Amino acid sequence: MENLLEVKNLAVSFKTFFGEVEAVRNISFSVKDSQTVAIVGESGCGKSVTANSIMQLLPMPPAFFKGGEIWFEGENLLKKTDKEMQKIRGNKMSMIFQDPMTSLNPTIRVGKQIVEGLIHHHGISKQEAEEKALEMLRLVSVPQPEKRIKQYPHEFSGGMRQRVMIALAMVSDPKLIIADEPTTALDVTVQAQILELMREIQKERGMSIILITHDLGIVAEMSDKVVVMYAGQIIEEGNTKEIFENTKHPYTAKLLKSVPRLDMDKNEPLHSIEGTPPDLYIPPLGCPFYDRCDKAMKICKDNMPDEENHSPTHKSRCWLNHPLAKDQERRSS
Amino acid sequence: MEPLISVRNLKKYFDVGEGMLKAVDGISFDIYPGETFGLVGESGCGKSTAGRTIIRLYDPTDGELIFNGKNIYDLSRKEMQEVRKNFQMIFQDPYASLNPRMTVEEIVGEPFDIHDIYKDKKEKKKRIMELLQLVGLSDEHAMRFPHEFSGGQRQRIGIARSLALNPKFIVCDEPISALDVSIQAQVVNLLKELQEKLGLTYLFIAHDLSMVRYISDRVGVMYLGQMMELADSEELYENPIHPYTRALLSAIPIPDPEIQKDRKRIVLQGDVPSPINPKEACRFVDRCPYAIEICHKQVPEFREVKPKHFAACHRALEI
């Protein structure tokens, strides 16, 4: 399988009044054809900045690329002009946003919103556009599409709006869809509908998905590969089974333990991660998880560990991987 | 055991012009001292309205709330103020529920001023510091403002404030849904710890069913203003009776790829219907795969189907 997307050493910062915030710090990962890659992490870990960098939707300034490359279908997106990017965005790659309430234009009928991009990119006729919009609404199982196509977003429920968002993202038959917390604003039963829909469409059309979420249940259900981010860095990466069953990084392990599961014993205490992630104005020299890690050693404080491969697909960045780790003095507190 | 509070046929309607929005439409249940009662359901099911009406932040349309043998809805404003010390609330959004212009000390101490508890300033301050320590904050936080804190810490401030008057009963309205997973666990552990230490009783409102199972002794499931099912939490999660509860439980993604692969899930069709002028039928009928004729004609009675396991379904136990 070919790599559809390859992010190499991407670094993104924001200029603010107080100084530079290093939101994404040298990350590399790839997405293959028809693969679903989940990016997980807490708020502020840089997962949305990563997604928006790929789409180049970040406001510049304050944001700026400090370095790196984003290869998509053999081309480096960071070398593209705004005009060239416009041809790719919403065409070969598109995005599903978290909040379907605010990401649709309330003053334009949904039918028109769905085909707006197509008209812009390919100049199709009004009639063709209408047919295409109908086809898309059918694809995402919106009932009575003939009637719905003429309605405005406020006439749709949250779940239906998210379906419209998916239709909008799918209309140009993209190779890559970036879904940024696509179901966070929805109820569980509606979430189940939307996830099922996304899976079906993927089976039918074969696009790749980058799924950004903090819900590990959704990750287990949807993804082939998982990228765990913390404080702007990738600290562990592997296929879904490896991440859940052969967890290597203490942060990933803690993250997995901090969510209660339906099948867990109620008397078992919930593992919380004490403290908060570091401030990215002055990112720590060493491992960013040092302050919150109960396995931390002296070396972790000032030295960032290198990437260690556990299998061809599984890697992590933690000093515990080091062969000498067992001899090191463990930090007592 | 005597229940701490008994909710009897509680109703809360809102007049929205085009009709009556029946946010809460006749729910009844007891909450026992020292327990955590979980209330779950999807957005718009009336769980938050129920929580707010129970402690009389909203005046009910109908129904009773028995506390200490008295119906608190009959009390005058003045009598209510005295009783209200026993009831507190922890809100969902730690960003919106703390006054940004007050220091932490002022926020946590405000209940004392309202109820005129301390004459002596030193004593008041001492008590505030005690409260801060109780929730895992320290003296140095007292003079700061809410914007200087993270979400989890703000929620701790909200909890300290709610504990100020030694309440018996606390309504926790989605206290963790605005927080990151790693922080959620901190707050939940704190709530559990405080319950043990202070003998608190919680009404825990949430839409995160795995968290509710974890924290609650008994759980009630609401749908469109009515209670669909109520049981001990283990029982409810293991043997759900109502088709809605079953669908709800099967919709939760489990963070384990092995389990997830073989799982059969019930995907409900359609959306939650409007709570404005609902028809006289089972509220769930349009989305229920088991609906028969009677379900379209009659509201099912909320009855004890098995010992201590209540459900409102015409076809309970046969499906």
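Two strands pair if DSSP finds at least two bridges between them. Strands (E, at least two residues) and helices (H or I, at least four) are DSSP runs, numbered from the N terminus. In chain B, strand β1 (residues 5-15) and β4 pair in the antiparallel sense over 5 bridges. This is a predicted model, in which local features need pLDDT of at least 70, side-chain atom pairs count only at pLDDT 80 or more, and totals for chains, interfaces and linings use all residues. Residues are numbered from 1 along each chain as its sequence is written, while chains are lettered from A and ligands numbered from 1 in the order in which they are written.

**Domains of chain B**

- Chain B is divided into domain 1 (5-86 + 167-272) and domain 2 (102-163), with bounds that come from an automatic or database domain assignment.
- The centres of domain 1 and domain 2 of chain B, taken over C-alpha atoms, are separated by 27 Å.
- In chain B, 10 residues of domain 1 are in contact with 9 residues of domain 2; two residues are in contact if their C-beta atoms, placed from the backbone, lie within 7 Å.
- Helix α6 (residues 181-198) of chain B gives the most to the side of domain 1 that touches domain 2, with 4 residues.
- That side of domain 1 of chain B has 8 nonpolar, 1 polar and 1 charged residues. Ala, Val, Leu, Ile, Met, Phe, Trp, Tyr, Cys and Pro count as nonpolar, Asp, Glu, Lys and Arg as charged, and the others, Gly among them, as polar.

**Contact with chain A**

- Chain B has 31 residues in contact with 39 residues of chain A.
- On the chain B side that touches chain A, α6, α7 (209-215), α9 (243-250) and α10 (257-262) of chain B each supply at least two residues.
- The most comes from α6(B), with 6 residues.
- By class, the residues of the chain B side that touches chain A divide into 17 nonpolar, 8 polar and 6 charged.

**Strand β3 of chain B**

- Strand β3 (residues 36-40) of chain B has 5 of its 5 residues buried, so it is largely enclosed by the rest of the structure. A residue is buried if 20 or more other C-beta atoms lie within 10 Å of its own, exposed if 12 or fewer, and partly exposed in between, with C-beta atoms placed from the backbone.
- From β3(B), T36(B), G38(B) and V40(B) point one way, and F37(B) and L39(B) the other way.
- β3(B) pairs in the parallel sense with strand β8 (residues 201-206) of chain B over 5 bridges, and with strand β9 (residues 218-223) of chain B in the parallel sense over 4 bridges.
- The bridge partner of G38(B) is F204(B) in β8(B) and V219(B) in β9(B).

- An open sheet of 4 strands in chain B has the order β2-β1-β4-β5, with antiparallel pairing.
- Its edge strands are β2 (20-31) and β5 (70-71) of chain B, each of which pairs on one side only.
- K11(B) stands opposite D62(B) in β4(B).
- L65(B) lies in strand β4 (residues 62-67) of chain B and is buried, with 20 other C-beta atoms within 10 Å.
- Not counting residues up to four places away in sequence, L65(B) touches I5(B), V7(B), I54(B), N71(B), I72(B) and Y73(B).
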